[in-house]
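This report examines aromatic contacts, a surface patch, strand pairing and backbone geometry in one protein model. The sequence and structure are shown first.

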Amino acid sequence: RPFFLESADFFSTPLTAVHTRTLADPRWGLKLSGREGIHTIGVFSAEDEITNYLFPGQESSNSTSVNTRSQGSAVRYKADISHSSNMGVLLTDRRGHDYQNQLAAIDGDFKFTQTDRITFQVLGSRTRYPEFISSEYEQPSSTFKGKAFRAHYSHNTRDYELYGRHREIDHNLRADLGFISQTGVKYTELGGRYKWRREPGHWYNWLSVQASYDYLRDQHNNLLHKAWTGG
């Protein structure tokens, strides 16, 4: 695994579109990564003796491994916009006999004040499964496309934090070189935390109380789950 673990953070994005453990038994691999000024780039390609498939759903997922070769490749580029903000793009491709999955994504991380930050990611995929996979695992029998979106906002001061996050993942989104195990859902979470700090020598240095509300819906806005939490 050292081949994949080295510089793994180069391929990290808010939704896990690259997860190198999907490459189960690589025959060979090539990788290039580096930083130059404001630019960060990572590229790898590997041929795998085994093809792992993940079939995500709303509340559960299915998977299988097939003893057929496939080749997986990823290109990641990120540019610093300022000292604490950046934009990036990601392209992945995995293909084998009568099979292909391509994914493209754009993401950003912007800290526009000392206390306010927003991150986002937009993804789109195109997939075609072998006929026996489509038949056995009830997947589309022709090429299909999917999309996803994620955003997170936080306002963080010395005394308190407020945040909100939202993601929507289309039922047909596939990240076969990554690990996205739930699709066909919309998730929203709102929360906050208040913090009490004391100087060294006080009987406590840090106390906090937090609360959040989250709810999960399907693509037709039918409620699947909601909850209040605190602590």
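## A charge over a ring

Arg 94 lies over the face of Tyr 53, at 5.7 Å from the ring centre; the criterion is that NZ of Lys or CZ of Arg falls within 6 Å of the ring centre and within 35 degrees of the ring normal. The model is a predicted one, in which local features need pLDDT of at least 70 and side-chain atom pairs count only at pLDDT 80 or more, whereas totals for chains, interfaces and linings use all residues. Residues are numbered from 1 along each chain as its sequence is written, and side-chain values use heavy atoms, with hydrogens and water left out.

## Aromatic pairs

Rings of Phe, Tyr and Trp (its six-membered ring) are paired if their centres lie within 6.5 Å; planes under 30 degrees apart are stacked, those over 60 are edge-to-face and the rest are tilted. By this rule the count comes to 12 aromatic pairs. Tyr 53 and Tyr 129 form an edge-to-face pair, at 5.9 Å centre to centre and with 75 degrees between the planes. This pair links distant parts of the chain, 76 residues apart: Tyr 53 is in strand 3 (residues 51-55), and Tyr 129 is in the loop between strand 8 (116-128) and helix 2 (131-136). Helices (H or I, at least four residues) and strands (E, at least two) are DSSP runs, numbered from the N terminus. Both Tyr 53 and Tyr 129 are buried; buried denotes under 20% relative accessible area, exposed over 50% and partly exposed in between, with a 1.4 Å probe and protein chains only.

A tilted pair is formed by Tyr 213 and Trp 228, with 4.7 Å centre to centre and 35 degrees between the planes. Tyr 213 belongs to strand 12 (residues 206-218) and Trp 228 to strand 13 (residues 223-230), so the pair ties together parts that are 15 residues apart in sequence. Tyr 213 is partly exposed, at 22% relative accessible area, while Trp 228 is exposed, at 67%. Ring pairs also link Tyr 53, Phe 55, Tyr 99, Tyr 129, Tyr 137 and Phe 144 into a cluster.

## A nonpolar surface patch

Tyr 160, Leu 162, Tyr 194, Trp 196, Trp 203, Leu 207 and Val 209 make a nonpolar surface patch of about 730 Å². Patch residues have over 30% relative accessible area and no salt bridge; like charges are joined within 9 Å and nonpolar side chains (Val, Leu, Ile, Met, Phe, Trp, Tyr) within 5 Å. A salt bridge requires a side-chain nitrogen of Lys or Arg within 4 Å of a carboxyl oxygen of Asp or Glu, and accessible areas come from the Shrake-Rupley method with a 1.4 Å probe. Strand 10 (160-169), strand 11 (185-197) and strand 12 each give two or more residues to the patch. Leu 162, in strand 10, is partly exposed at 45% relative accessibility.

## Antiparallel strands and positive phi

Strand 5 (residues 70-82) and strand 6 (residues 85-96) run antiparallel and are joined by 12 bridges; strands pair if DSSP finds at least two bridges between them. Ala 79 stands opposite Met 87 in strand 6, and a hairpin connects strand 5 to strand 6 through two residues. Strand 6 also pairs with strand 7 (residues 99-111) in the antiparallel sense, over 11 bridges. Asn 86 has Asp 109 in strand 7 as its bridge partner.

Asp 98 is in the loop between strand 6 and strand 7 and has a positive phi of about 55 degrees although it is not a glycine. Asp 98 is partly exposed, at 37% relative accessibility. Glu 138 also has a positive phi, near 55 degrees, and is in the loop between helix 2 and strand 9 (144-156). Glu 138 is exposed, at 73% relative accessibility.
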